[in-house]
Amino acid sequence: MAEQVWSRRPAADEDLALRLPGQGMRARAQEIHDALAARRTGLRRKQQEPFPEEWPWTRAAEGEEFVGAVLGGLHTSGWRVLHGVPVDGEGGAIDHLLIGPGGVFSIDTKARAGAQIWVGSRVIKVDGDEKEYLWIARHQARHATKVLRFATGLPVEVKPTLIFVGGPEATVVRAGRPREVLVLTEFDLPRAFAELPPQHSPQEVSAIFERARRGGTWFPKVAAVELPPPQV
């Protein structure tokens, strides 16, 4: 069973580079399975047969694993990636933190197989339902920017990014461009990052990555300096 990283803060000396893509979602799915199996011992089910309640977490894990594998392939171009980077003590985490010559990106992966995805300038809808994806993406990127500027002393600007993994049956309608947030599909990878103009030197990439991989960076004893509110 995967370590249950989804529900706890990292230790100050934990190396986040050892976390695997989708690890938190796999752990959560296993916890749900174990809890349901313990309550339903009277049912004639195989010990490891999945319950419907765990499927959303399993699908989320598969999406993160796919995106994580693609991002890992950018290593030869000077990019580094971390997975499951914590943003609070309640289990919130950045799915992937991509650090490289073209910038720093907090990536939220959304596994929505076969869904109809509508992207507007102010809202995103999935199968007609409005989602808070843009707000969450901006919040995570803003938090990561504050933490990494404080930890490195560099003018880091983390770009909020959404990646939809929906397969060939999914439909993505781009009716607008959301402010600040980069919205991609799995078919945009890895080209979307590989073709970016340089923003950071190899030395800066290394410095940001080495700080970001430390568990204590994300929960410092001294609070990071607040950033001014973003311009609308």
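**From the overall fold to a helix contact**

The accessible surface of the protein amounts to about 12700 Å², and carbon and sulfur atoms contribute 52% of it. The model is a predicted one. Of the 232 residues in the protein, 43% are buried. Its secondary structure consists of five helices and nine strands. Read from the N terminus, the order of the elements is α-α-β-β-β-β-β-β-α-β-β-β-α-α.

Helix α3 spans residues 133-152, and helix α5 spans residues 202-212. Their axes come within 10 Å of each other and cross at roughly 110 degrees. Angles of 65 to 115 degrees count as roughly perpendicular, and α3 is therefore roughly perpendicular to α5. On the α3 side, the contact is formed by L148, A151 and T152, which meet A207, I208, R211 and A212 of α5. Classified by residue type, this contact of α3 with α5 comprises five nonpolar residues, one polar residue and one charged residue.

Which residues of α5 are buried? They are V205, I208, F209 and A212. These residues lie on the same side of α5, because they cover an arc of only 95 degrees around the axis. The packing partners of the buried residues of α5 are the strands β1 (80-86), β2 (93-100) and β3 (103-111), together with α3.

A212 belongs to helix α5 and has a relative accessible area of 0%, so it is buried. When neighbours within four places in sequence are left aside, A212 is in contact with L16, L82, L97, I99, L148 and W218. A212 and T152 are separated by 60 residues in sequence, yet their C-alpha atoms are 9.0 Å apart in space.

Is Q140 buried or exposed? The relative accessibility of Q140 is 8%, and a residue under 20% counts as buried, so Q140 is buried. Residues up to four places away in sequence not being counted, Q140 touches V87, A93, I94 and S106.

Key
Residues are numbered from 1 along each chain as its sequence is written. This is a predicted model: local features need pLDDT of at least 70, side-chain atom pairs count only at pLDDT 80 or more; totals for chains, interfaces and linings use all residues. Side-chain values use heavy atoms; hydrogens and water are left out. Helices (H or I, at least four residues) and strands (E, at least two) are DSSP runs, numbered from the N terminus. Buried means under 20% relative accessible area, exposed over 50%, partly exposed in between (1.4 Å probe, protein chains only). Contact means heavy atoms within 4.5 Å. Axes are lines fitted to C-alpha atoms, for helices over the stretch in contact, and angles run from 0 to 180 degrees between N-to-C directions. Angles under 35 degrees count as roughly parallel, over 145 as roughly antiparallel, 65 to 115 as roughly perpendicular and the rest as oblique. Ala, Val, Leu, Ile, Met, Phe, Trp, Tyr, Cys and Pro count as nonpolar, Asp, Glu, Lys and Arg as charged, and the others, Gly among them, as polar. The arc is that of the directions from the helix axis to the C-beta atoms. Accessible areas come from the Shrake-Rupley method with a 1.4 Å probe; for residues, only the protein chains shown count as cover.
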